[in-house]
Amino acid sequence: MRSNRAKASLVSLTIVAMALSGCVTTQTDRIGANDGSDACYQYRVALDSTGNYYAEDMLKGAAIGAGVGALTGALAGGNMKSALIGAAAGAALGTLGGYWNSKMQQGRDQAILGVMTDLDTENQNLNRTQVAMDQLVNCRRAEIARVKADYKAKRIGKPEAEQRLALIRGQLDKDYAIASSINQNIVKRRDEYLVAADNIEPGSAEKIRTKTAVKPQTKKKPAKQTASTPASQVVERTNTAFETSERINSTTSSIQQIAQKEATLDAV
């Protein structure tokens with residue numbers, strides 16, 4: 001039995017190492033070198049830097065899943081083949097429900113408090129990402145407006161204007177690739193918190209997902225003061241994370257639209 005456990009641990013570590021080796025990139029790989037031609041480069045750096053938080057934590061979830069899966073497979077099947085199957089399945093499930101399961105090892109009360117604390121950090125980082133994304137988008141739009149103003153005032157001819165806009169479109173394409181990658185990791189993490197919220201307060205995930213995004217502004221009556229429990233605070237923080245992630249998703253889509261619709265002379 002001890003031999004199976006040792007082998008399972010080795011298998012899980014090997015599988016996770018193989019999985020992670022294909023995901024590691026440097027910031028220069030992702031955003032490109034600063035050659036001085038990009039007036040918005042600092043904002044791209046800022047956006048990319050916020051993405052490190054989401055990527056690192058998701059990889060940890062996969063590692064936990066692989067380790068548990070390998071050990072479970074070895075104990076159930078009693079051989080290396082079972083361990084391999086368990087590790088692979090664990091890695092796949094590590095990013096969906098693995099977070100809550102790992103928290104529950106501390107006991108339910110501590111798990112709820114832990115999720116609540118993590119959500120505070122999550123929401124802070126989501127806000128940073130939204131700010132960085134807004135700054136990058138605003139900078140790109142300012143650059144586009146500058147080119148169009150120069151062209152309209154006949155300070156530059158059409159060939160130069162088109163060349164400068166083509167450069168901006170290429171930069172926007174890179175921005176979109178970075179933002180999209182970050183957004184994908186945010187959605188994975190969001191789903192983890194929804195699973196946790198649903199385990200803490202059944203049905204809350206569906207309510208958060210189906211909540212109307214835009215409601216008419218109406219004068220509300222003061223709400224009755226009710227005691228805020230740790231469980232309700234988790235749901236509230238999860239809802240906040242969901243709403244911010246939706247805004248980030250919308251901004252990500254707008255980057256692509258700017259490249260296609262705004263960064264052209266047709267829009268002058």
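The protein chain here has nine helices and zero strands.

Now some ground rules. This is a predicted model, so local features need pLDDT of at least 70, side-chain atom pairs count only at pLDDT 80 or more, and totals for chains, interfaces and linings use all residues. Residues are numbered from 1 along each chain as its sequence is written, and side-chain values use heavy atoms, with hydrogens and water left out.

How far does the predictor trust its own work? pLDDT is the predictor's confidence in each residue, from 0 to 100. The protein chain has a mean pLDDT of 80, and 70% of its residues reach 70 or more. Which elements of the protein chain have the lowest and the highest mean pLDDT? Helix 4, residues 80–93, has the lowest, 47, and helix 6 has the highest, 97. Two stretches need care. Over residues 64–70 pLDDT stays under 50, and the model has 18 contacts there beyond four places in sequence. Over residues 82–93 the pLDDT is also below 50, with 27 contacts beyond near neighbours in sequence. Contact means heavy atoms within 4.5 Å.

Next, the chain as a whole. Of its 268 residues, 39% are buried. Buried means under 20% relative accessible area, exposed means over 50%, and partly exposed is in between, using a 1.4 Å probe and protein chains only. Look also at contacts with a separation of 6 or more: residues 24 or more positions apart account for 79% of them in the protein chain.

Let's turn to helix 6. After helix 6 comes Lys154, whose phi is positive, near 65 degrees.

Thr129 sits in helix 6. Is Thr129 buried or exposed? Its relative accessibility is 0%, so Thr129 counts as buried. Not counting residues up to four places away in sequence, Thr129 touches Leu47, Thr50, Tyr54, Ile182, Ile186 and Ile248.

Now the inside. In soluble globular proteins, nonpolar side chains tend to be buried together. A nonpolar core is a set of buried Ala, Val, Leu, Ile, Met, Phe, Trp, Tyr and Cys residues joined through side-chain atoms within 4.5 Å. The largest one has 42 residues. Leu47, Trp100, Val115, Ile144, Leu172 and Val234 have the most contacts inside it. Helix 3, helix 5, helix 6, helix 7 and helix 9 (230–262) each supply at least two residues of this core. The largest share, 13 residues, comes from helix 6. Take Ile144: leaving aside neighbours within four places in sequence, Ile144 is in contact with Leu165, Ile168, Leu172, Ile258, Glu262 and Ala263.

There is a second, separate core of five residues, including Leu194, Ile208, Val235 and Phe242. Ile208 is in helix 8, residues 204–210. With 4% relative accessibility, Ile208 counts as buried. Leaving aside neighbours within four places, Ile208 is in contact with Leu194, Val235, Thr238, Asn239 and Phe242. Ile208 and Asn239 are 31 residues apart in sequence, yet 5.9 Å apart in space, C-alpha to C-alpha.

On to the links. How many disulfides does a search of the whole structure find? It finds one. A disulfide is a pair of cysteine sulfur atoms within 2.5 Å. Here Cys40 is joined to Cys139, S to S 2.1 Å. Cys40 is in the loop between helix 2 (27–31) and helix 3 (41–77), while Cys139 is in helix 6 (residues 108–152), so the pair links distant parts of the chain, 99 residues apart. The link of Cys40 and Cys139 is left-handed, with -90 degrees about the S-S bond. Both Cys40 and Cys139 are buried.

Last, the aromatic pairs. The whole structure holds two. Rings of Phe, Tyr and Trp (its six-membered ring) pair if their centres lie within 6.5 Å; planes under 30 degrees apart count as stacked, over 60 as edge-to-face and the rest as tilted. Tyr53 and Tyr54 have ring centres 5.3 Å apart and planes at 80 degrees, so this pair is edge-to-face. Tyr99 and Tyr193 have centres 5.2 Å apart and planes at 65 degrees, so that pair is edge-to-face. Tyr99 lies in helix 5 (residues 98–104) and Tyr193 in helix 7 (residues 158–200), so the pair ties together parts 94 residues apart in sequence.

Key. Helices (H or I, at least four residues) and strands (E, at least two) are DSSP runs, numbered from the N terminus.
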